[in-house]
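Reader: Before I rely on the labels attached to this model, I would like each one set against its cut-off. Could you take me through them?

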Amino acid sequence: MKAAIVKACFDDPVVQPAYRECAEHYGFLIAPCRPATPQHKGKVEQGGVHYVKRNFLGGRTPTTLSQANQAALIWCNTTAGLRIHGTTREKPLERFQQTERARLKPLPAAPYDLAVWKEVTVGTDGYITFDNAYYSVPGRCGRGAKLRVRGGAQFITLYTLAHEPVCTHDRAQQAGARSTHPDHRPPDKVPGLTVNREACQATASAIGPATSAVVTTLLADPAVDRLRTAGRLVRLGERYDAASLEAACARALQFAEPTYATVKRILVGGVADPTPAPPLAASPPARTFARSAAELLGHLFGGAPCN
């Protein structure tokens, strides 16, 4: 049966991974039959299964699972367990109570987490796709690498083809979700993946009002998403001190250039003066000519000639 034995072999049969895990979880041993040897099948296959089908299920109307379980328990205790078994010549219920019950192990604290196994390929973006969701993998795996995924009810575990563990994710609860471990990305890319508007604005406000005003201007762009640009701007406070960044933002606002490029040029050029610069003198109103038409042509209308 392929659900149990993937590849039949006389010496080393290949067990289906989920079935192997179930055996390890509950502590039972798998005893596969030899290939092409049907007489090695367990006697329960011929006697037990047929007996249940003919005696318990025969003539019964299908019911719910809970009702069927209750009926089966009554049947085991009153009919199947009290008959004389054809091989042991004993009553199965007495044999169980006197010999077998004491040898049973307690059940594990948690039931077996039935998992789905799948072979996947690492994409060019460093993610694998499983059950319509995306999960990051460490950079050491490389793009195009083949991995095996164990998809349980709560966790997704990735393995190499040699069954070496790679990483574990919480299983996504909806299709299209993307799960990313920060340590799977290059260190310089992590801030850009975790930045959000609220945290960016809060960091800018902690630096100073000018920085907060520049970040507010960037985030208020109605056409272009400038969240990452605003995040890079507040991270300039890690390379330079907060006072210099605040002064550079104040200078950029003074010249009506609240952009990341302008603020960075001010910092790189060392012209971020914490002292506010004096306001620029008001420019005279623009005129087309230096002299008015009346001054130039006034003599034509009885006025004095121009000098």
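Author: The answers below take the labels one by one. This is a predicted model, in which local features need pLDDT of at least 70 and side-chain atom pairs count only at pLDDT 80 or more, while totals for chains, interfaces and linings use all residues. Residues are numbered from 1 along each chain as its sequence is written, and side-chain values use heavy atoms, with hydrogens and water left out.

Reader: Why is Leu107 called exposed?

Author: Exposed means over 50% relative accessible area, buried means under 20%, and partly exposed lies in between (1.4 Å probe, protein chains only). Leu107 has a relative accessible area of 70%, so the residue is exposed. Leu107 is found in the loop between helix H4 (92-100) and strand E3 (116-121), where helices (H or I, at least four residues) and strands (E, at least two) are DSSP runs numbered from the N terminus. Together with Tyr26 and Phe28, Leu107 forms a nonpolar patch on the surface, with about 310 Å² of accessible area.

Reader: Why is Thr229 called buried?

Author: The relative accessible area of Thr229 is 17%, and because buried means under 20%, the label applies. Thr229 has its place in helix H8, and, leaving aside neighbours within four places in sequence, Thr229 is in contact (heavy atoms within 4.5 Å) with Leu218 and Tyr260.

Reader: What makes the largest nonpolar core a core?

Author: A nonpolar core is a set of buried Ala, Val, Leu, Ile, Met, Phe, Trp, Tyr and Cys residues joined through side-chain atoms within 4.5 Å. The largest such set has 21 residues, and those with the most contacts inside it are Val215, Leu233, Leu245, Cys249 and Val263. Helices H6 (197-207), H7 (209-219), H8 (227-239), H9 (242-254) and H10 (260-269) each supply at least two residues of this core. A second, separate core of 15 residues includes Val122, Phe130, Tyr135 and Leu158.

Reader: How do you know that E4 and E5 pair, and which way do they run?

Author: Two strands pair if DSSP finds at least two bridges between them. Four bridges join E4 to strand E5 (residues 133-136), and the two strands run antiparallel, so by that definition they pair. Thr129 stands opposite Tyr134 in E5, and Tyr127 stands opposite Ser136. E4 and E5 form a hairpin with two residues between them, and Asp131 in the turn has a positive phi of about 55°.

Reader: What makes E4 and E9 edge strands?

Author: Three strands form an open sheet in the order E4-E5-E9, with mixed pairing. Strand E4 (127-130) and strand E9 (178-179) each pair on one side only.

Methods
Patch = residues over 30% accessible without salt bridge, like charges linked within 9 Å, V, L, I, M, F, W, Y side chains within 5 Å. Areas by Shrake-Rupley, 256 points an atom, 1.4 Å probe, with all protein chains shown as cover. Salt bridge = Lys/Arg side-chain N within 4 Å of Asp/Glu carboxyl O.
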